[in-house]
Structures are given as structure tokens and as C-alpha cells.
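Subject: Structure handover

Hello,

Please find the structure below. Notes on what was found in it follow.

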Amino acid sequence: MQTVLRMSAGAIVWAIHFGVIYGLTAAACARNFAPLVPWIVGISGAVAAAALLILMTLPGDPAFERWLTVGVAAAALIAVFWESIGAFVVPLCD
Amino acid sequence: MHARADLPNPLPRPAGELEELKRLWNPPRGLRFVTVINNNYIGVMYVGTAFLFFVLAGILALVMRVQLAAPANDLVGPQLYNQLFTMHGTVMMFLFAVPAVEAMGVLLLPNMVGARDLPFPRLSAYAFWAYLIGGLVFFASLFAGLAPTGGWFMNPPLTTGTYSPGINEDFWLLGIGFIEISAIAGAIEMIVGVLRTRAPGMTLARMPVFAWSMLIFAVMIVFAFPAVILATALLELERAFGWPFFDPAKGGDPLLWQHLFWFFGHPEVYIIFLPAAGMVSMIVPAMTRTPLAGHRFVVLALVATGFLSFGLWVHHMFATGLPHVSLSFFQAASMAVAIPSGIQVFAWIATFAKGKVAVKTPTLFVFGFLGIFVLGGLTGVMVAVVPFDWQVHDTYFVVAHLHYVLIGGMVFPLFAAIYYWTPYSSRHALSERVGRWVFGLMFVGVNVAFFPMHVTGLAGMPRRVYTYAPELGWDGLNLASTIGAFMIAAGVALFLVDFARRFRMSAEANAGNVWDAGTLEWLPSGNYSSRSIPLVASREPLWDQPNLAHDVAAGGYFLPGSATGGRDTLITSPVHARPQWVLRMPMPGWPPLVGAWFTAAFFLLLTFKLVIPAAACGAVAIIAILRWAWSLDPPADVAPVSIGGGLRLPVYATGPRSQAWWAMVILMLVAASLYGCLLFSYLYLWLVSPAAWPSAAALPGIGYPLATAACLLASSAAVGYADRTLRRHGHCYPLAVALPLAVAAFAGSVAAQRRLDPGESSYGAIVHAFLVVDGWFVAVALVLALFALARQRAGLLDRTRRVTFDNARLFWHYTVAQTLAGLGMVHGFPRLVS
């Protein structure tokens with residue numbers, strides 16, 4: 001169970017990050033706190049990236065499961081980065 | 001046969017062992033055949049039923065295409081056309097695509113992972129019968145003019161009682177909600193089957209890619225489908241009782257439906273695609289006689305697609321006026337998901353490049369899949385770009401895109417799979433010569449039908465119009481699409497003729513490994529799957545272990561006969577697939593069948609507002625399911641049995657080793673997903689209509705939630721104490737104390753809201769939705785606890801034979817935690833924000 005959870009951890013971090021940035025930015029836009037949006041996205045992106053990097057460096061065994069854990073975390077890291085860019089380049093709450 | 005001692009079980013095997021195995025796994029004869037639960041029979045019937053719905057929905061598409069072949073056509077009026085496109089989309093998505101891939105899992109997975117059957121075969125039978133009956137009645141609504149008309153995504157306000165009176169939309173809401181429950185049952189079966197019943201040695205690294213894809217498919221169902229179940233429940237509550245979740249005049253919001261529906265609806269596309277990709281990843285290596293290129297990356301791509309697909313739902317809502325920054329997250333995720341799909345495409349192409357390709361019908365369908373799906377994927381990236389999506393939203397461009405994705409990504413792989421695996425289930429393979437015609441007609445037909453739709457859409461033709469004016473210039477393109485649709489139909493008809501001629505179901509005298517494939521489903525088999533359960537040492541064991549097929553068929557590997565005197569299979573550890581214990585499997589019986597029939601009747605009668613007959617059917621269904629459950633936990637005081645290789649394994653397990661524990665944990669994840677969607681709905685409605693929320697002073701006194709929480713926690717403590725008494729003294733009677741505490745807790749929740757009218761505002765509606773859901777969970781927890789107490793009373797539960805109690809305990813604690821979260825939201829959140 002622990003190995004299965006560890007392999008899923010990257011996806012779980014991504015899901016939490018995605019939920020946080022979508023939920024909080026929607027709330028910020030609805031309640032006229034637009035200037036907070038880049039901060040929300042930036043901070044949550046940094047926290048998620050740190051969690052994923054830690055996950056990628058944790059020791060593990062056997063080789064395939066370890067590879068998959070790192071691979072899923074790396075995919076999640078790329079997705080976190082890619083999804084965060086929008087908050088810094090598009091009009092925020094228009 | 002020469003004596004062999006180098007295998008887990010020495011050869012030759014004792015006389016009568018194989019005959020006993022055959023006798024135990026034979027399906028019932030005569031009328032009792034309908035109670036069959038073997039995966040090979042249920043799987044074939046499941047695939048056949050899904051194909052029936054494919055044909056029926058295809059016929060609806062042909063009627064629509066005839067209507068659109070010429071401008072100002074009057075073959076079909078607008079009302080019927082609305083029913084046709086709604087039923088076409090709904091049947092294709094809910095009654096064909098998801099059940100078809102789930103059915104392929106039921107049919108193939110046990111043999112592919114080296115199990116005798118799926119771990120809960122009666123659940124498979126229940127899911128199949130519920131789907132068959134529910135689906136047929138749902139389809140028949142068309143002939144009575146009662147079919148839904150709101151499109152396959154049923155957006156309110158069009159589908160609310162105001163704009164869609166009558167019961168047409170109720171058919172969709174209750175019928176589809178019910179069929180989704182059947183899909184969830186199947187998903188739980190798949191997850192436990194893949195993780196706990198693999199052959200010894202089949203580590204995760206050696207697991208077939210199809211098993212990986214079915215595992216991810218099932219996990220996605222667990223998290224995605226509860227959203228649509230909640231959505232259908234909320235819309236039905238609004239239609240039946242006027243609770244205004246989606247009515248802006250009372251603080252509701254139609255977009256809440258779209259959020260919930262597409263949180264299910266977009267992953268649904270990948271729920272369909274991933275198993276299809278898994279099938280392709282099995283077919284390509286067999287057809288090239290070489291292992292899959294980039295196996296690890298393909299598995300990673302499946303996992304990445306699975307989780308990224310949950311970040312795409314708003315790309316169906318780009319035109320709804322959400323903030324740009326929100327759209328940007330979903331645009332990015334929509335583009336990112338193309339990468340793992342691309343990885344798989346490159347892996348298949350590389351496998352073709354490195355192997356020697358046998359150009360048979362399955363290969364042709366895989367080629368067709370690659371071409372059509374890649375084109376659909378490219379237009380997918382186009383519509384993921386927000387400004388482009390705004391231009392083509394609700395036009396035929398989107399129709400073209402989704403058909404390229406779904407036909408390319410699911411239908412072609414399914415045909416490839418049917419041609420590829422027919423020799424596994426039938427005495428004869430399908431005809432190669434006819435297969436090439438089928439492929440040719442379908443491939444050309446799909447492109448003739450759907451490619452012009454890109455242009456029709458860019459020219460401005462909207463979706464779901466029953467006709468168009470001649471001067472718009474769309475007639476030539478539409479005529480071409482109609483000709484293409486009939487070419488597809490001709491291909492499918494030819495396939496059906498060939499199938500009727502050649503398919504003769506047989507597990508024991510099947511055509512066998514005609515492709516010289518390397519995976520376990522091609523072992524010699526019978527109704528019992530393979531004679532013995534192999535020790536797996538690679539991903540393609542039939543290629544790498546030369547005598548494996550012979551030795552398995554001779555009974556030289558594990559569990560060559562019945563170890564327990566009945567049906568049984570090996571349970572192995574989830575990661576390393578080490579043998580842990582022997583699971584006694586059930587025999588066929590009537591309760592799952594009766595349960596499924598009457599569950600279907602309950603939902604369908606409810607659609608017609610026939611409450612009393614519906615309640616009677618519901619009662620029969622509950623009795624049948626309880627009768628079924630009564631036999632679930634067999635005696636524990638049975639001596640360990642030998643499976644070969646010097647291994648003596650127990651035949652009973654509790655806790656995380658038990659398959660029931662895994663099923664319950666997955667069920668709790670389903671419940672958590674549903675409750676998470678409910679919490680989201682509450683927050684969403686508050687966000688869009690804060691004025692509907694009361695001030696802190698207007699809320700019920702804090703004493704109510706505190707007393708409710710105290711009762712809930714006390715009930716959990718009582719259940720915990722019952723666990724202790726069961727371990728120490730062999731009884732769980734303190735469980736009886738928990739029952740009134742739970743009832744009191746729920747009564748407290750209801751009493752707190754007694755002055756709140758659910759029809760007055762979205763706040764009242766959502767708070768009452770919490771009460772409904774909490775009440776449902778408390779009721780189920782009570783039934784489970786009473787069931788455990790009844791088994792204790794009957795002498796069927798003690799300190800070792802305790803799976804029934806463990807399941808009740810897990811569910812009880814979960815219900816308490818969930819209800820506390822709901823209390824915090826309903827009573828704490830308004831105080832916090834006001």
C-alpha cells in the first residue's frame with residue numbers, strides 16, 4: 001500500500017496544487033482581490049515544486065516502482081510549472 | 001507423460017484432478033445458465049451488449065445523417081431530432097463506450113494476470129445485468145416519445161422542470177445515474193483484481209500494459225463518476241421538489257451543473273481512451289513479434305494522462321465567461337495532456353519500426369487508429385486554445401473533433417481488439433478477407449463522414465440543428481458526411497455478418513494463440529482460466545519461458561486443482577505479487593441476478609413516479625443483496641492448503657490482506673469523491689450568491705452541531721470498543737450502542753435545519769442536500785452494523801471470522817469523519833465568513 005501511495009504521490013500533489021490555484025484564484029476574482037492572484041499561483045507553485053522535488057529524491061525500491069515514482073513526480077512538476085505560467089501573462093480576472 | 005519434479009507441482013498430476021476443476025467451474029445448465037458468473041461468459045455477454053448499443057446508437061446517427069443530407073429536409077421534426085441526438089450521444093458514451101472497455105476488462109483481465117476469475121464475480125454479474133436491463137429500458141424510451149431531449153450533457157436551465165416538463169429528462173437522470181453505479185461496481189472489481197490476483201512473479205514491472213490501463217481506468221472512474229452521480233441527484237431534486245441548485249433567481253447557478261458534469265465528462269474521454277490504448281499496446285507487440293518499445297514510458301504516459309485529464313474539465317466551458325486566469329490553467333493542462341498521448345503514439349510507431357510487422361486485420365485497425373486519433377488529437381490542441389475555441393464553439397468543427405478522437409481513440413482499437421482476441425473466446429478466428437473490407441469501409445467512411453465536418457463547422461454550421469437553409473451552402477458537405485456514415489454502417493454490417501458466421505464461443509476449444517503472442521491470456525484455458533497458475537519471470541512469459549504453456553496446461557504450476565473443494569484463486573501481494581493466501585470463490589446463484597433486476601426496476605419505476613411499486617422493488621433488491629452478502633464471509637477455521645512449490649497458504653484473511661478490505665477502502669474513496677463534489681458545490685454556490693447565505697446570527701444555535709458531533713464521536717468510540725471486545729472476548733455487541741447514537745446524531749442535524757426551507761434559496765437547497773447525503777451514509781452504516789450483529793447472533797462472526805465486522809467498522813468511522821466535515825462546512829463556514 002505504501003509503495004502504491006508513493007507512486008501516486010506526484011499525482012496527488014499535482015491535484016492539490018491544481019485545486020488550490022483554481023479555487024483560490026476563482027474566489028479572488030469573485031471577491032475583487034485580483035492582485036492576489038499571481039501571489040497565490042506563485043506561492044502554491046513553489047510549495048508544490050518543493051514537495052515534488054523532495055519526492056523525487058526520496059530513496060525507494062524496487063527499481064521500476066522507484067522509476068515510476070520519480071517519473072510521475074517529474075510529469076507533475078512540468079505540469080505545475082506549465083499551468084502556473086498563465087497567471088503571469090494573461091489579464092487576470094477579465 | 002514423463003515425470004517432472006522441477007516444477008512447483010510434480011507431473012503427472014493425479015487422476016481426476018482436472019475433471020474436478022472442470023466440474024467446479026462449469027457454468028450452470030438450462031434456465032439456470034442466467035446465473036452464470038464466470039468472467040469468460042459474463043465478459044462475452046457484456047461485450048455483446050455494449051456492441052448492441054453501439055449498433056442501436058449508430059442507427060440513430062444514420063437517421064440524423066439522412067435528415068441532414070439535404071437542406072430543408074422534413075424527414076425528422078425538431079422534437080424527434082432532439083431525442084435522436086441526445087440518445088445517440090448518451091447511448092454511445094454511457095451504454096457503449098465505457099461498458100465496452102469495462103467488458104473487455106472482465107473478459108481478459110483474469111486470464112491476462114493469471115487468475116481464475118475476478119475477485120468478486122457476482123459483482124460483475126450484478127453490474128452486467130443492471131446495465132443490460134437499465135440500458136434496454138432507457139433505449140426503449142425513444143419508442144414511447146419519452147427519450148430525453150437536452151443533449152448528452154443535459155445542461156440546465158434547458159433541462160429543469162420549467163423548460164423540460166414531463167419525464168423525458170428524468171429518464172436520463174435516473175437511468176444514467178443508475179448505470180454509473182454499475183460502472184463503479186465494475187471499477188472496484190478491476191482495481192482489486194489487478195492489484196491482488198496477479199500470478200506469482202508478475203510484479204508491477206512485469207504487468208501487461210492492458211492491466212495497467214485498466215487499473216488507471218478504474219481509478220479514474222472512482223474519482224470521476226461520483227461527480228455525475230451527484231449532479232444528476234441535484235438536478236433530479238430540483239426537478240422533483242423545486243430545490244433551486246441551478247436557478248439563478250434563487251441563488252443557484254446553471255454553471256454548477258457544467259462544473260460537476262465536466263469534472264466527470266472530460267476524464268470520461270480518457271476513461272474510454274486509456275483501455276483502448278492498453279489494448280493497442282498488447283496488439284502491437286504481438287503483431288510485430290517484439291516487445292513494446294519504451295514500456296516504462298508508456299506506463300508513465302498512462303498514469304500522467306490519468307491525472308492530467310482531471311485538469312481539463314473547464315475546456316468545455318471556455319465560452320461561459322470565466323476569468324481569463326482560470327481559463328489559462330485549463331488551456332495549459334489541455335495542451336499538456338497531449339504529451340503523454342504523443343509518447344504512446346511514438347512508442348507504437350517505434351515498435352512497428354523495430355519488429356517485423358504482420359499486416360493482419362488487427363494491425364490495420366491499429367494503423368487506422370493511429371491516423372484518425374492523431375488527427376483528432378491535433379484538432380484537440382486547436383480547441384484547447386481559448387480564442388480558437390470561441391470561434392468554433394458549438395459548431396460542427398467540434399463534432400468532427402470529438403468523433404475523430406472517440407472513433408479513432410476507442411472504436412478502431414476496439415475493433416482491433418475484437419479481431420485480435422476473438423480466437424481467445426471462440427473456436428474460430430474472424431475472416432481475414434472480410435476483415436480487410438470491414439477496415440477499408442470503416443476507415444474511408446470515417447474520413448468521408450467526419451473530415452468535411454471541420455469545414456462545415458468553420459463555415460458556421462451549429463451543432464444540434466435539425467435542418468438548414470439551402471442558401472447557406474452546406475448541402476454538399478453534409479451529403480458527403482451522410483455518404484461516409486453509410487460506408488461506416490456497411491463496414492459494421494459486414495463485420496456483424498462475419499461475426500455471426502465465425503464466432504462460436506468456447507473457453508476450452510478456442511482457436512488458441514494464433515498470433516503467437518507472449519502474454520498469459522493465450523495460455524491453454526478452460527472455464528477455470530488456465531489449469532495451473534504460472535510463475536511469471538518476464539513481461540512476455542510465453543516468449544521467454546519456452547515450456548510454460550505445456551507445463552501450465554499439465555498442471556505443473558500453482559493451484560493445479562481445487563485446493564479448498566470449491567472454486568478458488570490465489571491472492572498475491574499488490575507490488576511484488578508474492579502468494580499470500582487462497583481466496584474461496586463463490587458459486588453461481590440467483591441473488592445477484594434478482595438484486596440487479598429489482599434495482600433496475602426500482603430506478604425505472606421511480607422515473608414514472610410510481611413510488612409504491614418502486615419501493616417494493618427496492619425492498620426486494622435489498623433483500624436479495626443481503627441474502628448474497630450473508631454468504632460472503634466463509635468459515636475461518638480451515639487449515640492452510642498446499643498450492644505447490646512447498647507453499648502452504650491460509651484460506652482466510654482479514655485486514656489489508658483481505659480483498660474485502662481493499663474493496664471497502666476503494667468504496668470509501670468513491671464516497672469521498674462524491675462528498676468532495678458536494679463540498680465544492682456548497683462553496684461554489686456561496687461564491688456566486690453570497691447574498692443567499694445567512695448571517696451568523698440567523699444560523700441554528702451552535703449547540704446543535706456540537707451535540708451532533710458528540711454523538712458521532714461517541715458512536716465511533718463504541719465501534720472501536722466493539723472491535724476490542726471482538727478481539728478479546730469474541731463478540732461485538734457494543735456495536736449496538738453505536739446505533740442509537742448515530743440515529744440521534746442525524747436527528748440532531750435534521751432538527752437544526754427544521755426552519756430552513758429547501759425550496760427558498762440555493763443555501764437551503766444545498767444544506768438539505770447535505771442532510772440527504774449524510775442520512776444516506778448513516779443509513780448504510782446502520783445496515784452494515786445491524787448485519788454484523790445479526791451474523792454475530794447467528795454464530796457466523798467471531799474473533800477470527802470477522803471480515804463483516806471489519807467492513808462495518810471501516811465504513812462507520814468513515815461516515816463519522818465525513819459527517820463531521822459536513823457539519824463543519826454547514827455550521828462553521830457561514831460563521832467564519834460572516
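In this predicted model, helix α22 (residues 735-752) of chain B packs against helix α23 (residues 762-793) of chain B at an angle of about 170°, and their axes are 10 Å apart. Axes here are lines fitted to C-alpha atoms, for helices over the stretch in contact, and angles run from 0 to 180 degrees between N-to-C directions. Helices are DSSP runs (H or I, at least four residues), numbered from the N terminus. The angle makes α22(B) roughly antiparallel to α23(B), a label used for angles over 145 degrees.

On the α22(B) side, the contact (heavy atoms within 4.5 Å) is made by L735(B), A736(B), L739(B), A742(B), V743(B), F746(B), S749(B) and V750(B). From α23(B) come L771(B), D774(B), G775(B), V778(B), L782(B), A785(B), L786(B), A788(B) and L789(B). By class, the contact has 14 nonpolar, 2 polar and 1 charged residues. Ala, Val, Leu, Ile, Met, Phe, Trp, Tyr, Cys and Pro count as nonpolar, Asp, Glu, Lys and Arg as charged, and the others, Gly among them, as polar.

Q753(B) is in the loop between α22 and α23 of chain B. Q753(B) is buried, with a relative accessible area of 5%; buried means under 20%, exposed over 50%, and partly exposed in between (1.4 Å probe, protein chains only). Leaving aside neighbours within four places in sequence, Q753(B) is in contact with P700(B), V767(B), H768(B), L771(B), V826(B) and H827(B).

The structure holds 1 disulfide over all chains, a disulfide being a pair of cysteine sulfur atoms within 2.5 Å. The pair is C29(A) and C93(A), with sulfur atoms 2.0 Å apart. C29(A) lies in helix α1 (residues 2-30) of chain A and C93(A) in the segment after α3 (63-89) of chain A, so the bond ties together parts that are 64 residues apart in sequence. The torsion about the S-S bond is about -70°, so the disulfide is left-handed. C29(A) is buried at 13% relative accessible area, while C93(A) is partly exposed at 27%.

Chain A has a mean pLDDT (the predictor's confidence in each residue, from 0 to 100) of 91, and 100% of its residues reach 70 or more. Among its elements, α1(A) has the lowest mean pLDDT (92) and helix α2 (residues 36-57) the highest (94).

Residues are numbered from 1 along each chain as its sequence is written, and chains are lettered from A and ligands numbered from 1 in the order in which they are written. Local features need pLDDT of at least 70, side-chain atom pairs count only at pLDDT 80 or more, and totals for chains, interfaces and linings use all residues, while side-chain values use heavy atoms, with hydrogens and water left out.

Regards

Key
Helices (H or I, at least four residues) and strands (E, at least two) are DSSP runs, numbered from the N terminus. Angles under 35 degrees count as roughly parallel, over 145 as roughly antiparallel, 65 to 115 as roughly perpendicular and the rest as oblique.
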